[in-house]
Amino acid sequence: MMSSKKGTSNNSTRQRRVHENIADQLRDLITRGEFLPGKRLPSERKLAEIFSVSRHGVREALRKLEEQGLVFSRQGDGTYVRRIEEAQGRKPVSAALDRNKCRYVEVLELRKVIEPQIAAIAAQYITEDELIELRRVLDEQIDEISQGRKGSEADCEFHKLIAAGTRNSVMLEMVTRIHDIVSQSLEFTLENSHRRHWAIETHERILRALENRDPETARKEMYEHIAYVESLALSELEGEG
């Protein structure tokens, strides 16, 4: 059993290294002008062939570059290199969020404002394929927790997929950036079995509302989910004080 867990951990580490390596190579190509601003990158399939990796590794690399503001995706039309002026225009937002890295409560207040509405919008526009992917990610979180792990990466991915379901790239960009910042807070949010199972149960309710195309319930369930995370953060900070 111990050997199996170690193997899974090593596989995850190797997978992260693969997509980080691809991201580094793509960043170099963009910097050297091999891929020009405003132009579309080769397809995921083509990039996978170029780098001799899986399409999943390419997808994760592109997501990393999108988070860094170097590329952006157009639904159904591929991934484009961001123009310099557009990338610069993102800096004030990114800098403002970076300043909140150690202020989880403020970031959670922001989440409480925007993510319930995002869930409501996603309930109207999310596709069946995206619902299937959400279910897969939730099952992955359940599996990780059943093996004694925290399932924090799957937790973050769940929220990002909901944002993707809005069909609004700005909302996805904001949620992705926010969850990169608050990911460390999950270390205490998911630190015990009760909290981990609570996360699964609330994610299940959110997903059910999305599957039912019920915006108001999706909004309510997401709000209650984040409000509870906020209460845990406040308790943690008070404990430190």
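Colleague: Which helix is E20 found in?

Modeller: This is a predicted model, where local features need pLDDT of at least 70, side-chain atom pairs count only at pLDDT 80 or more, and totals for chains, interfaces and linings use all residues. Residues are numbered from 1 along each chain as its sequence is written, and side-chain values use heavy atoms, with hydrogens and water left out. Helices are DSSP runs of H or I, at least four residues, and strands are runs of E, at least two, numbered from the N terminus. On that count, E20 belongs to helix 1 (residues 2-31).

Colleague: Is E20 buried, partly exposed or exposed?

Modeller: Buried means under 20% relative accessible area, exposed means over 50%, and partly exposed is in between (1.4 Å probe, protein chains only). E20 has a relative accessible area of 33%, so E20 is partly exposed.

Colleague: How far apart in space are E20 and L65?

Modeller: In sequence, 45 residues separate E20 and L65. L65 is one of the buried residues of helix 3. C-alpha to C-alpha, E20 and L65 are apart by 9.6 Å.

Colleague: How are helix 7 and helix 8 oriented to each other?

Modeller: Axes are lines fitted to C-alpha atoms over the stretch in contact, and angles run from 0 to 180 degrees between N-to-C directions. Helix 7 (residues 128-146) and helix 8 (residues 152-164) pack at about 165°, with axes 8 Å apart. Angles over 145 degrees count as roughly antiparallel. That makes helix 7, relative to helix 8, roughly antiparallel.

Colleague: How many nonpolar, polar and charged residues are in the contact of helix 7 with helix 11?

Modeller: Helix 7 and helix 11 (residues 193-211) pack at about 170°, with axes 11 Å apart. Ala, Val, Leu, Ile, Met, Phe, Trp, Tyr, Cys and Pro count as nonpolar, Asp, Glu, Lys and Arg as charged, and the others, Gly among them, as polar. The classes come out as nine nonpolar, three polar and four charged.

Conventions
Angles under 35 degrees count as roughly parallel, over 145 as roughly antiparallel, 65 to 115 as roughly perpendicular and the rest as oblique.
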